[in-house]
Amino acid sequence: MNSSTSVPRLDGPAKVTGAARYTADHNEPDQLHGVLVGAPVPAGHVLGIDSADALRQPGVRHVLSAADMPTAHADLAAASSPPLASLFLPMQGPEIHYSGQPVAIVLAETLEAAEGAASLVQVRCRTDEFTVPDSAPATTPSPKSGYNAIGKVRFRKGDAEAAVAASPVQAGGEYLQPARHANPMEPSAVLAVWNDDRLTVHDAAQHVYAVRSNLAAAFGIDPGKVRVHCRHTGGGFGAKAYVWQHEILAAMAAKVVGRPVKLVLTRSEMYTIVGYQARMRQNVRLGAAEDGRLTGVVHEVDNTTAVTDDYIEFGSAPSGSLYATPAILLGQKVRRGNVNLPTFMRSPIDGPGTWALGSAMDELARALDMDPLDLRLINHADADPSDGRPWSSKKLKEAYAEGARRFGWRKRGRGGTRDGDWLLGWGMADSTQGQFRFPSEARVRLAADATARLEAGYTDIGAGSATIFPQIAASVLGLPPTAVRAASGDSDLPFAGPTFGSGTTIGMGAAVQDAAQKIIKQLADLAGWPAGDVRAEDGHLIHGTRSRSLLDVMRDARVDELIGDGAFGLPGGAPADAGDAERATRTFGAVFVEVGVDPDLGLLRLRRATGVYSVGRVINPRTARSQMIGGIVWGWGMAAMEASLYEPNLGRWLSTDLAGVPLPVNADIPPAIDIAFIDEFDEYAGPLGAKGIGELGATGVAAAVANAVYDAIGKRVRDLPITPEKLIDLTM
């Protein structure tokens, strides 16, 4: 079977029947249920904790405060950069830096008892003056921030400011984006068990090895004494990418009381314990000649962060990557306030960046009286605009052409055309996402009955890895995908790169392919055939015109099992990179949307969307299409609905549940979402020829929607989300 074949999700039956077990489904004998007690103020010090009433409740065994917790080992501070989320670990002292910060943990025999007792714990605090992050001054990020390694805080090519100022045509402005929380279906959860000096953890995570290394660092023990399980994660979107405080605190609590501790965050705690997308201000200024060719791009960004750490959202990155221009200035700053730390969220960096840049490009097209697609074609970057490196692969022009054809872009109506009460508008924007690669390992075992077992520690977060990795192994071995079983999500299995950064398929997929190819070589040796000319297909080993079944080859050799150990490594043994050093690596695409605006009611509706993408080889078109549809839905939520508001008088998130945060539902999304991929193979990204697509689909959508709204009503929205009150104000 060809590994670029649409295969239904192999994990589908287990998930729809409830057989798939998530972290909160696991229990241990004699476990205690933990419930966190959060700080009631955004800044201050804990003066005392009165737990007497809580401890009198039936089933309550402990109320732990900072005084009860072990001091984190110095190794943790040395590891204080990604994948550890925060430099600051609560319950190590009296300081309070944000509302909801854990200051105590209630442990009880039942969850209900722990929840009830937690409401009785009295926290006495000294309240200090707090800083509202949105109002804080924009400052240069700390050089100690671990996030500095992701991008450039300052980048200059030529004199972009002077070039823009001297340009005959200029466009752009300030584009705002609120904070947003990921809200995965499964809240974060952890179950920690100590057996003597060995720690076993079930965790809702996106990388079990990051959890292992940071828990080992927190206790100063060898990582080999920590085992982490996470076969299935019910959505992550970045919120479960790094190691957060509750994972360490649960393990500490279990160590203190000598019993397993299970801690499942509430929906409200998902707003205050794990990360979210930061609020961002982006200032984009574009200069162009009268023929539309860019003369300069200036893109300056600031985002909110915590007082304890600098998280940097590198939204300026697309402006250094998308369009050919002789002068570029990119800058990043942060605004520190009393709030919990933001983190990467689908899609980080390029998601926010394409919102601002894609809007500014549409404004420039309007100023030039030029079709937005033609403006992009004129400024197509044949090489990386920042450093001149050739692309590892890029078929964006083909994506433009196919997207325009499928959507009918060149035949679209005039903006503001009426359909009853609705004003119709059409917009488009670029999609792009940087690529990360992570080393990975895999083991494939082929049994004599022509079934195989794949072993690797990757975590399934619902994106399709539970299908495509067995599919890759099956393709090489000439077996149906259902003949390959997978053991995954266990840190004792061969090392797998993280399930984030759109890097899972590149690294893990290549390791699986390598492991399966090594089995083919062993089969060829058993058959006495030259390995270079042998392949497997439909359960048979094939060499030229000769064919033998895999069963016969292994039976005749009296071999019960063949094992292939595969790996994907990076140059110099690096733990991660952004692609081949000699070539720039990105995914690209174009998204086209049609919206309807009811100017009287301020309603905005998505009527249809088309996305066409250049992403290297597509392993499974079925799961890939699903990913891109989900990305467009995610982008619609960003454009039209979602915002997490910080209450400046109280110093906390205004709404810490789904009651006050609109999210897209089926009624918001039309069936007319058209997805296509350009045929492509990226030999420089990795042996599979594939690149990551998990985040690409959410990029460019917000800009395309805002551009379509402008087309419909002739007014520009630069402040997301595009809500009814904003549309009514603009159309009055």
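**Entry 1**

I looked up Arg285 and found it partly exposed, with a relative accessible area of 27% (buried means under 20%, exposed over 50%, partly exposed in between; 1.4 Å probe, protein chains only). The model is predicted: local features need pLDDT of at least 70, side-chain atom pairs count only at pLDDT 80 or more, and totals for chains, interfaces and linings use all residues. Residues are numbered from 1 along each chain as its sequence is written, and side-chain values use heavy atoms, with hydrogens and water left out.

I then checked what Arg285 pairs with: Glu300 forms a salt bridge with Arg285, the closest N and O atoms being 3.6 Å apart (a side-chain nitrogen of Lys or Arg within 4 Å of a carboxyl oxygen of Asp or Glu). Glu300 lies in strand β14 (residues 294-306) and Arg285 in strand β13 (residues 280-288), so the pair ties together parts 15 residues apart in sequence (helices, H or I, at least four residues, and strands, E, at least two, are DSSP runs numbered from the N terminus). Glu300 is partly exposed as well, at a relative accessible area of 25%.

**Entry 2: other salt bridges**

I noted 51 salt bridges in the structure. One of them joins the side chains of Asp30 and Arg259 at 2.9 Å, N to O. Asp30 is in the loop between α1 (12-17) and β1 (32-38) and Arg259 in the loop between α7 (245-257) and β12 (261-264), so this pair ties together parts 229 residues apart in sequence. Arg259 is buried, with a relative accessible area of 16%.

I also looked up Asp362 and Arg716, whose side chains meet in a salt bridge of 2.8 Å, N to O. This pair links distant parts of the chain, with Asp362 in helix α8 (residues 350-368) and Arg716 in the loop between α15 (701-713) and α16 (724-731), 354 residues apart. Both Asp362 and Arg716 are buried. I found them in a network of salt bridges that links Asp362, Glu363, Arg366, Asp711, Arg716 and Arg718.

**Entry 3: aromatic rings**

I recorded 16 aromatic pairs (rings of Phe, Tyr and Trp, its six-membered ring, with centres within 6.5 Å; planes under 30 degrees apart count as stacked, over 60 as edge-to-face, the rest as tilted). The rings of Tyr458 and Phe469 have centres 4.9 Å apart and planes at 70°, so the pair is edge-to-face. Tyr458 is buried at a relative accessible area of 2%, and Phe469 is buried at 0%. I listed one aromatic cluster formed by Tyr242, Tyr311, Phe344, Phe438 and Phe500.
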